[in-house]
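Please read them with the model open.

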Amino acid sequence: MRTDIDTGLLRALLTSSEPSSQPGSAGRHLSEGGVRPWHEEARRLRRAETTRQPASLLSHRQPAILLDDAYRIQWHGTALRVAEGARVVGHKVGLTSAAMQEQFGIDQPDSGLLLDYMAVARDRVLPLGDLLVPRVEGELAFRLGTDLSGTDVSERVIHDAVADTFLALEVIDSRYGFEGLTLADSVADNAACGRFVLGAAVPGLVPELGGEHLTLTVDGMVAACGFGRAVLGDPIRSLVWLVQRLAVFGTGLRAGDVVLAGSVHASLPLGAGQTVVVGSPRLPQAVLHVA
């Protein structure tokens, strides 16, 4: 992967995660510069999100698109949202389990940026009409206490950097639709980030998360389950993968970032009126109510 693809754009977007940043200032500046051929695709995806009308697959219109260009589209799309007042609050790593890779026919992870408006408070209801084709996943998540960067970062360093561990529910939502989705489509569309809800935090890194058994229920009925080890063998490796990928672009994770590690099971369609809960033996539940 090339390293000359708007690294300044990504660094500035991550800097916009500082609460003291002037809302929209980074995005307005960034959307005026950079590589213009991909601005229109970012705008196309933003229109799909706001109108709830899916865009045609990028991979059909640009079959030779490179993965680094797909990340460029993702970053320009995030810049559009930052220009509207959104703030970067973390990252998601997707396609980290065999179940998810098999479901979508994609054989490697990807990542996206979490924005503040994607977070659903535990006492709020998610209006299903805000999304296009939502699906839900049970996950483990982390909040960092210190910055992390570097291609050679060790699991020990990452262990020490984790300030909190959570259960999470991620609602994925593709602005292209999921039918025929490729890795490049997913990356361009911000790794299908839709919404997320966190359970209560457990301080520090909960040990031996590979053996943590997550159970997802829909309206009280078990709908899916899986062990933490489904995520790259150990969910902490999701952080390793992300830090190493960001290092290629000259940046890293920041203290305070939330990172969703990826689903332990295949995603499920989300329906209006549902209550979705993910639980595990050692972590507080994450609960999502859907209207």
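1. The largest cavity is lined by 14 residues, and those nearest its centre are Leu95, Phe104, Ser186, Ala191 and Ala192. Strand S1 (88–94) and helix H6 (98–104) are the elements that give two or more residues to this lining. A cavity here is a set of points, on a 1 Å grid over the protein atoms alone, where a 1.4 Å probe fits but cannot get out; lining residues have an atom within 4 Å of a point. Helices (H or I, at least four residues) and strands (E, at least two) are DSSP runs numbered from the N terminus.

2. On provenance: this is a predicted model, in which local features need pLDDT of at least 70 and side-chain atom pairs count only at pLDDT 80 or more, while totals for chains, interfaces and linings use all residues. Residues are numbered from 1 along each chain as its sequence is written, and side-chain values use heavy atoms, with hydrogens and water left out.

3. The largest cavity holds about 100 Å³ of space, a volume being the space filled by probe spheres set on the grid points, which are joined across faces, edges and corners. Three cavities of 30 Å³ or more are counted. The lining of the largest one has nine nonpolar, two polar and three charged residues. Ala, Val, Leu, Ile, Met, Phe, Trp, Tyr, Cys and Pro count as nonpolar, Asp, Glu, Lys and Arg as charged, and the others, Gly among them, as polar.

4. The second largest cavity has a volume of about 90 Å³. Its lining has 15 residues, with Arg81, Arg175, Ala188, Asp189 and Asn190 nearest the centre. Helix H3 (39–51) and helix H5 (67–83) are the elements that give two or more residues to it; H5 gives the most, with five. By class, this lining has seven nonpolar, four polar and four charged residues.

5. Which residues of strand S13 (residues 286–290) are on the covered face, and which on the uncovered one? Ala286, Leu288 and Val290 form the covered face, Val287 and His289 the uncovered one. In a regular strand the side chains alternate between the two faces of the sheet.

6. S13 pairs with strand S12 (residues 275–279) in the antiparallel sense over four bridges, and Val278 has Ala286 as its bridge partner. A hairpin of six residues joins S12 to S13. Strand S3 (residues 125–126) pairs with S13 in the parallel sense over two bridges, and there Val125 has His289 as its bridge partner. Two strands pair if DSSP finds at least two bridges between them.

Notes. Buried < 20%, exposed > 50% of the residue type's maximum accessible area, 1.4 Å probe, protein only. 1 Å grid on protein atoms, 1.4 Å probe; cavity = no way out; pocket = protein on both sides within 12 Å on 5 of 7 lines; lining within 4 Å.
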